[in-house]
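Trainee: Could we go through this model together? I would like to understand its pocket and its surface.

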Amino acid sequence: MPGSFAIGRIGGIRIEINASWIIILVLLTVSLATSWFPSTIPGLSFGAYIALGFIASLLLFVSVLLHELAHSLVARAKGLPVSSITLFIFGGVSNLTQEPRTAGEEFQLTIVGPVVSLIIGALALIAAAGLPGLRAVDAILGYLGFTNILLGVFNLIPGFPLDGGRVLRSIIWGATGNLRAATRAATVVGQIVAYLFILFGILQVFAGNFFGGIWIGFIGWFLLQAAQSANTQSALQSVFGGVTVAQAMQPPSVSVEANRTLAQLVYDVLLPSGARTVPVTQLGRFAGIISLADIRHYPREQWDQLTVGQTMTPAAQLRAVQPGQNLNDALPLMVGHERDILPVVGPDDQLVGVLSRDAIVHLIEVRRGLNIPHPTRGNDQQLPRAS
Ligand SMILES: [Zn+2]
């Protein structure tokens, strides 16, 4: 996740905090110091309330971390590598480098998170009721008990990307053996849940609860984005199941040597071919890519002096793909770039082909037209995981 920094490691798993989490720490501390603590233990100073709010917020952070550690440790025990855990504005994410291979694995590693939250919540409430301790300790325990139970219950809502959505998916997957249909069902429920959150948030705003309503609506929007992208991703991946980059790429029809001038590039290569992006070679090796966007920065008078090598995007700054790679891995690299091609580079840095958006769209049409069934193999979908 961009904007995240590591704070340490637990059992080899990197623990990261996203900058957005700092915002929620401040908001939560202030909110607890001005509402929860003054109402449960009246008569303290503002400084004392801030200190209590900060301690309670940090302990809530530890609770979310324990929830994520539960997911990650069970995943690792099943042989699925976990790179990191990131805490961000809406909770935590466990970053598995490989998705569960069976419905049973997915069910077990998912259900354990909400179960841990519910256990922490129950223990905190029992401790708050049973210990004749300080009022401040009781107030913190009461808060943690309430929020952890809320966290556990919220995450069990059966809509993707929440844990409950993954539980639902694993149950349908296990019962039918159809991962695609299971993902579809869980993401549809996820979108319904998201719309309900947004609707409830709007109603809250009209009812006068402005910040609470905005916050609930914001969570709904986040859930909606995640559910929709998971559904699109899953649909695309089922189209391209088992397709390699080599099957989708085309041989590089045009390329340009790095020592050519921009004028030569424009008049000898771009205009005759109609290409907007061209791979650049230097002594037979792939050196970079140059596109209309790169050239547009320079006035026409400079086109005779500047070389392609000086103005291209060099290979070191590009993500190239290999011919044997799965096409699913290449797709995310093509999203959101002005460049419409991706270089395919073989061993020895030789340019062996280009992957273009047009070629991928063509491939989708051909496969749809021929109704090619996608191989029902394991689960290689990297879908977002919230909390
Ligand atoms: Zn979770």
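Mentor: Happy to! One definition to begin with: helices are DSSP runs of H or I with at least four residues, numbered from the N terminus. Keep in mind that this is a predicted model.

Trainee: Which helix gives the largest share of the nonpolar patch?

Mentor: The patch lies on the surface and is formed by Phe5, Ile7, Ile22, Val26 and Val30. Both β1 (4-10) and α1 supply at least two of its residues. Valine 26, for one, is found in α1. The largest share, three residues, comes from α1.

Trainee: How much accessible area do the residues of that patch have together?

Mentor: The area is taken for Phe5, Ile7, Ile22, Val26 and Val30 together. It comes to about 410 Å².

Trainee: Now the largest pocket, please. Which domains each give at least three residues to its lining?

Mentor: The volume of this pocket is about 1500 Å³. Of its 40 lining residues, the closest to the centre include Ile24, Leu150 and Trp215. Elements that give two or more residues to the lining include α1 (19-40), α4 (135-155) and α7 (210-239). The domains that each give at least three residues are domain 1 (4-156) and domain 2 (177-239).

Trainee: How many charged residues are in that lining?

Mentor: By class, the lining has 32 nonpolar and eight polar residues. The number of charged residues is none: there are no charged residues.

Trainee: What distance separates the centres of domain 1 and domain 3?

Mentor: The domain assignment places domain 1 at 4-156 and domain 3 at 245-370. Taken over C-alpha atoms, their centres are separated by 46 Å.

Technical notes
Residues numbered from 1 in each chain as written. Predicted model: local features only at pLDDT ≥ 70, side-chain atom pairs only at ≥ 80, totals over all residues. Heavy atoms only, no water. 1 Å grid on protein atoms, 1.4 Å probe; cavity = no way out; pocket = protein on both sides within 12 Å on 5 of 7 lines; lining within 4 Å. Points joined across faces, edges and corners; volume = space filled by probe spheres on them. Nonpolar A, V, L, I, M, F, W, Y, C, P; charged D, E, K, R; others polar. Domains from an automatic or database assignment. Patch = residues over 30% accessible without salt bridge, like charges linked within 9 Å, V, L, I, M, F, W, Y side chains within 5 Å. Areas by Shrake-Rupley, 256 points an atom, 1.4 Å probe, with all protein chains shown as cover. Salt bridge = Lys/Arg side-chain N within 4 Å of Asp/Glu carboxyl O.
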